[in-house]
Amino acid sequence: MNTFELDSTYVADTYARFPVEIVSGKGSVVVDSEGKEYIDMATGIAVNTFGLCDDKWVDAIEKQLKAFQHTSNLYYSSPCARLAQLMCEKTGMKKVFFSNSGAEANECAIKTARKYAADKHGEDHYNIITLTGSFHGRTVTTLAATGQDVFHTKFKPLTEGFIYCETNNCEQLIKLADENKVAAIMLEPLQGEGGVNPLNKDFVDTIAKLAAERDIIIIADEVQCGNGRTGKLYGYMNFDIVPDIISTAKGLGGGLPIGATMFGEKTCSVLGKSDHGSTFGGNPVVCAGALNIFERLDDKCLEGVLERSRYIFEALTGAPGIKSVTGLGLMIGVETERDAGEVIADCMKNGVMPIRAKHKVRLLPALNIPMEQLETAVEVIKEAANSNR
Ligand SMILES: *Cc1c(COP(=O)(O)O)cnc(C)c1O
């Protein structure tokens with residue numbers, strides 16, 4: 001059997017895959033089993049921060065891999081400690097818990113916010129307000145946190161204590177905070193899976209104000225929009241808000257699985273010994289790679305993100321067949337007159353690989369995608385949006 005047949009026979013049927021088998025890649029070019037090349041505008045859903053097989057990242061990983069690949073969290077290891085130090089120094093957060101995925105990073109954030117509120121305000125202070133259109137993960141609790149009904153119906157009962165506020169509705173947010181005992185407000189500074197929906201400034205200001213007045217924990221889910229993706233180190237830095245907890249994952253590892261939950265002043269001593277844990281969390285190989293990625297997310301890199309972003313916005317906004325372009329940095333949603341699926345299929349045919357977010361074409365290229373490749377990709381996307389209308 002070939003890979004397609006093996007996969008559809010033996011791999012659980014949870015993914016609608018493109019009929020493409022990836023065999024290799026370098027930088028922003030992905031190669032399939034037929035030898036066809038694609039310009040990567042998806043980076044494995046905002047994971048391959050500096051593209052495929054980036055030399056410096058591979059070197060960092062190889063070096064650690066040859067020293068030792070894993071030790072449990074019963075012992076110390078330097079990559080994990082150094083990564084935590086750098087993340088704290090660059091954000092002003094105080095401590096980090098490492099896990100393996102975005103969902104786990106959010107689970108840890110939720111546990112911490114609930115323990116903080118229970119310790120400080122009483123055990124009935126467990127409610128967490130999340131936003132419509134949000135996405136926080138696939139575990140039973142992070143599904144409950146996800147503010148989209150479609151994710152809730154099949155797996156009830158979900159974890160209790162999540163309340164949904166319409167995104168950007170300040171009045172409703174205040175009402176929900178008045179009527180419930182609220183431990184936390186959880187938000188994606190830029191919603192990804194929900195359709196690359198920006199939050200408006202007033203709404204974020206209202207969250208910050210409510211949180212300060214009522215000692216409500218702010219959780220920023222930076223799993224997708226963090227780690228340089230929006231042109232700032234973290235997405236929240238585009239707003240006037242300081243989270244008490246930041247969860248992140250995807251792009252942090254540059255291609256290997258990692259989750260991280262960062263705690264600020266208020267929350268850094270909430271979790272104590274044996275309150276939380278992970279066998280693989282803080283894995284030295286993964287952390288050595290992440291440390292290399294994080295060290296390189298400097299001002300110059302972020303300027304490059306903004307420059308590429310401006311190019312995409314200018315080229316696509318108002319182009320024939322394109323209704324809107326939303327997002328920040330290199331996390332962009334393109335709303336097309338044609339069905340997004342058809343536009344993506346045409347792009348793939350023509351050697352460009354974007355993905356989708358709800359009814360939009362979503363662009364998540366490597367932060368260092370060469371301008372020439374970006375220009376080619378944008379032309380192909382424009383053409384696809386404008387053909388067969
Ligand atoms: C992808 C994503 C998650 C879930 O991450 P996994 O690594 O798939 O568990 C959570 N929150 C946001 C905002 C995401 O984009």
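# Exercises on a predicted model

Set aside neighbours within four places in sequence, and Ile 128 is in contact (heavy atoms within 4.5 Å) with Ile 110, Arg 114, Gly 161, Phe 162, Ile 163, Ala 184 and Met 186. This is a predicted model, where local features need pLDDT of at least 70, side-chain atom pairs count only at pLDDT 80 or more, and totals for chains, interfaces and linings use all residues. Residues are numbered from 1 along each chain as its sequence is written, and side-chain values use heavy atoms, with hydrogens and water left out.

**Exercise 1.** Work out where Ile 128 sits, and whether it is buried or exposed.

*Solution.* Start with the element: Ile 128 belongs to strand S5. Strands are DSSP runs of E with at least two residues, helices are runs of H or I with at least four, and both are numbered from the N terminus. Next, check accessibility: Ile 128 has 0% relative accessibility, so it counts as buried. Buried means under 20% relative accessible area, exposed over 50%, and partly exposed in between, using a 1.4 Å probe and protein chains only.

**Exercise 2.** Zoom in on S10 and S11: how do they run, and what stands opposite Ile 219?

*Solution.* S10 (residues 217-221) and S11 (residues 245-248) run parallel, joined by three bridges. Opposite Ile 219 you'll find Ile 245 in S11.

**Exercise 3.** Describe how H4 and H9 pack.

*Solution.* Take the geometry first: H4 (residues 78-91) and H9 (residues 284-296) pack at about 30°, their axes 8 Å apart. That makes H4 roughly parallel to H9, since angles under 35 degrees count as roughly parallel, over 145 as roughly antiparallel, 65 to 115 as roughly perpendicular and the rest as oblique. Then the residues: the contact includes Leu 83 and Leu 86 of H4, and Leu 291 and Phe 294 of H9.

How values were computed
Pairing = 2+ DSSP bridges. Axes fitted to C-alpha atoms, helices over the stretch in contact; angles between N-to-C directions.
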